[in-house]
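Colleague: I'm new to this one. Could you take me through a single part of the inside, slowly, and then show me what lies around it?

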Amino acid sequence: MDLLHSFINAANDVIWGKVLIGLLLAVGLYFSLRSGLLQLRLFARGWREMMGGRGGHRSKDDISPFQAFATGLASRVGTGNIAGVAIAIAAGGPGAVFWMWLTAMLGMASAFAESTLAQLFKTNHHDDTFRGGPAYYIQKGLGQRWLGVIFALCLILAFGLVFNAVQANSIVAATEGAWGWNRYMVGIALVVMSAPIIFGGVRSVARVAEWLVPVMAAVYLLMTFYVLAVHAAELPGLIVLIVKSAFGLEQAAGGFAGYAVSQAMMLGIKRGLFSNEAGMGSAPNAAATATSRHPASQGAIQMFGVFIDTMVICTATAAIILLSGVHDQGLSGVALTQKAIEAQFGPIGASFLAVAMFLFAFSTIIGNYAYAEGNVEFIRSNKWILLVFRLIVLAMVMFGAVASLPLVWDMADFAMGLMALINLVAIVLLSRYFFIVLKDYERQLKQGESTPVFKVADYPELAAKVEKDIW
């Protein structure tokens with residue numbers, strides 16, 4: 001086991017330290033520049049698509065664009081928004097927040113592209129829902145099923161199994177620290193709460209995510225708004241501190257500017273990417289399930305998932321930490337966030353954090369399951385295989401509640417890294433199809449169409465690759 005762990009760590013050092021971060025940023029920059037900064041040009045349109053995304057149903061049983069958005073956001077917004085931000089600030093200083101913002105702005109373009117491709121190449125599930133994602137567009141768009149299967153296996157391992165164990169572990173740690181609850185009892189309760197949603201399938205996940213995600217965000221943001229109101233006079237200084245620290249101006253007098261900038265940049269980029277998942281190939285699995293009239297509509301909506309995750313929720317955590325003045329006391333992770341909240345709210349802050357951790361982590365469990373289900377069916381669509389998989393997911397939730405996870409977490413990082421590498425290469429190779437769809441979408445908007453409709457028959461090159469009964 002020690003040998004295996006050493007191998008996994010060495011592989012992660014190469015993938016995450018030398019390849020993936022640069023590639024994620026390069027791909028985000030590619031889609032940003034080639035599209036003429038679509039994340040800025042279509043920002044207002046994306047907001048309107050998201051707010052109007054509850055409609056457009058073909059039947060009462062399909063998955064609306066907003067439900068697909070909420071499912072994707074449910075998985076994106078997790079403990080990384082609480083613990084990951086704290087780790088970045090503790091190790092990289094306030095400047096790490098600036099680099100998280102920059103990463104999110106580039107990542108919005110990648111998220112738009114991958115989610116549009118997921119919609120374009122989705123498959124009909126014949127129950128008023130759809131399935132899709134990188135595995136599907138790799139097979140249909142690139143004609144490489146074997147590579148799609150490798151991607152699907154990596155996603156199932158990382159998101160379907162291990163990350164759900166990690167989220168359960170976070171819930172247990174929070175409830176144990178705040179109220180002294182027994183971890184076995186909490187684990188059993190999580191399994192009981194998760195089971196009916198998981199056995200209800202993707203449609204059930206979408207319906208729960210539709211109300212859980214707004215509640216979750218509202219609880220956390222209300223807490224943040226209180227902190228911002230109390231410290232309103234300090235906000236301009238906070239923004240100046242973040243920007244100056246990002247470029248080493250705050251540390252220049254001490255002669256550590258170069259090191260400080262590199263630390264802030266690496267930690268901010270890495271934790272930002274971990275949190276918003278832009279370009280990693282996870283959220284497209286939720287994006288594909290929506291009933292949409294145009295593939296780019298869901299791309300515009302999912303782009304907002306990155307914005308809300310990083311620019312809103314991660315920034316909220318950063319504000320709580322930095323305005324509390326506890327970021328330089330040697331703490332990190334959840335302990336730092338907890339200390340910051342307690343500094344603002346007193347002892348009740350631990351309970352606030354436990355509730356937030358539960359909402360964030362539980363929503364991630366059900367969102368991750370939705371990703372994994374589509375990839376299990378991609379490999380083999382069989383109700384008995386799906387039944388066994390659902391039972392394994394619940395077993396991993398229980399395992400995460402009672403076990404230590406360093407090895408399985410590192411294995412998940414490896415699987416997620418490999419998954420992201422495959423997806424980034426795929427969306428660049430398929431970018432010509434994305435830009436055909438994007439051009440069609442923007443043409444209709446310029447012509448005054450309030451709801452663009454995609455007609456694949458106008459594009460013979462695409463018509464030969466997508467399912468005939470969808471577009």
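Modeller: Start at Tyr 220, which touches Ile 82, Ile 313, Ala 316, Thr 317, Ile 320, Thr 337, Ala 356 and Phe 360, leaving aside residues up to four places away in sequence; contact here means heavy atoms within 4.5 Å. This is a predicted model, so local features need pLDDT of at least 70 and side-chain atom pairs count only at pLDDT 80 or more, while totals for chains, interfaces and linings use all residues. Residues are numbered from 1 along each chain as its sequence is written, and side-chain values use heavy atoms, with hydrogens and water left out.

Tyr 220 belongs to the largest nonpolar core, which has 149 residues; together with Phe 112, Leu 120, Tyr 137 and Phe 434, Tyr 220 touches the most other members. Such a core is a set of buried Ala, Val, Leu, Ile, Met, Phe, Trp, Tyr and Cys residues joined through side-chain atoms within 4.5 Å, and buried means under 20% relative accessible area (1.4 Å probe, protein chains only). Apart from that core lies another, of five residues, among them Ile 63, Ala 68, Ala 206 and Ala 290.

Ala 68 also takes us to helix α4, where it is buried, as are Phe 66 and Leu 73, among others. Helices are DSSP runs (H or I, at least four residues), numbered from the N terminus. In α4, 12 of the 12 residues are buried, so the helix is largely enclosed by the rest of the structure. Its length fits too: at 1.5 Å a residue, α4 (residues 65-76) should span 16 Å, and its end C-alpha atoms are 17 Å apart, which agrees; the expected span is 1.5 Å times one less than the number of residues.

How values were computed. Helix = DSSP H or I, 4+ residues; strand = E, 2+ residues; numbered from the N terminus. Buried < 20%, exposed > 50% of the residue type's maximum accessible area, 1.4 Å probe, protein only.
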